[in-house]
Amino acid sequence: MKESTIMKIHYGTALASVGLVAVHILMRLTTGFADSLSYENVLANYQSIPYVVMLELILILLAVHGFNGLRVILLELKQGRVYEKAVSYGCVVAMIVLIGYGSRTIIMTNMGMV
Amino acid sequence: MAQVSSIADEQAPNPLSASKSVLLRISRFNPEFDESNKFMEFSVPYQKWTTVLEAILDVKKHFDHSVAVRYSCRQATCGSCGMLINGKPRLACFTKISELDSDVVTVEPMNNFPVIRDLAVKFERLFDTHQKIKPYLIRDDTELESDQREFLQSPQELENFIQFANCIKCGLCNSACPTMTTDSSFVGPQALAQAYRYVADSRDKGKDTRLDIIDESHGIWRCHFAGSCSQVCPKGVDPAMGIQFLRGYLLGFRS
């Protein structure tokens, strides 16, 4: 993939994350802070499909943005063909693992398995 | 260990001799023998028009001819005498001692360049990256027919790139660039500014080729827009602006 395409995704995920995280924080403010973080309320949030979709989107956006940022930092830190391939593929794998694990948590909670 | 020598004491007085002197600290380093650099100190007389290069050449002439320094035109045209002067990348021939407003002038080789000896550095990386972006007009009809004239431009078309054509390849921008320090594969502000110089040239048809060259993992996207390249350019070129314009092409904001 061209670096410009990757950076377009990088900037896009940053902007989208800011928007969705703002919505997420605003929804936390609909109740008191302590209530918002109580165990039952947190689980209850996962029963709302639109909210679950938003959480999943935030997870994907932040994982893509964060791991690409990490890739860029590591590429600037050190150079070398093997190192750069390891960093690039390593970041993609780590991103997929994080999204997979987070999605598993979201789906299991939504289905009442937690 | 610093060694202080005074040229002013050795020279016979004359009506034009300076009333002021400055302590010139010159970094000495030979990678073949030395593990780290050391500074030699010289007391050098100067007048208000004396440049740092002239002071260094005074040292070479009167005290230590082994000081290695690259220079040629002495008028900020050849780009040979770039060095760190009191910590900032500057051309030695374009920097007057009186303008530094300091009693001590420290000269070191430029950052981000391998040192050959003392103040002389290797330019291979700069020339390689400069060559990489194809610094010439690309078009199918480069060879003119006998009845054709040169490729004409309007003043407005010239204005789009003329400041970038002032680059003298002195390497000061690359020396000031923080990304160049850590990323040994980064193409650098000099080459990127020259890429823009040709992309913005109405006579050139190689825009897509050059954008492809700089659109890689150690290309234009590794610039963090520190802007130090533009601050140190002795010819008024603004590489940081050129880089942002190039990003505009790659992001689809410019065509």
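**Domains of chain B**

The centres of domain 1 and domain 2 of chain B, taken over C-alpha atoms, are separated by 31 Å. Domain 1 of chain B covers 4-121, and domain 2 covers 124-251. These bounds come from an automatic or database domain assignment.

Next I checked where the two domains touch. Domain 1 of chain B puts 14 residues into the contact, and domain 2 of chain B puts in 13 residues. Two residues are in contact if their C-beta atoms, placed from the backbone, lie within 7 Å. On the domain 1 side, strand β5 (residues 88-91) of chain B gives the most, with 4 residues. By class, I found 7 nonpolar, 5 polar and 2 charged residues on that side of domain 1 of chain B. Here Ala, Val, Leu, Ile, Met, Phe, Trp, Tyr, Cys and Pro count as nonpolar, Asp, Glu, Lys and Arg as charged, and the others, Gly among them, as polar.

**Confidence**

I noted a mean pLDDT of 92 for chain B, with 93% of its residues at 70 or more. pLDDT is the predictor's confidence in each residue, from 0 to 100. Residues 12-16 of chain B fall below 50. Where pLDDT is low, the predicted coordinates should not be read in detail. For the complex, the predictor gives an ipTM of 0.85 and a pTM of 0.87.

**Ground rules**

Residues are numbered from 1 along each chain as its sequence is written, and chains are lettered from A and ligands numbered from 1 in the order in which they are written. Local features need pLDDT of at least 70, side-chain atom pairs count only at pLDDT 80 or more, and totals for chains, interfaces and linings use all residues.

Definitions and conventions. Helices (H or I, at least four residues) and strands (E, at least two) are DSSP runs, numbered from the N terminus.
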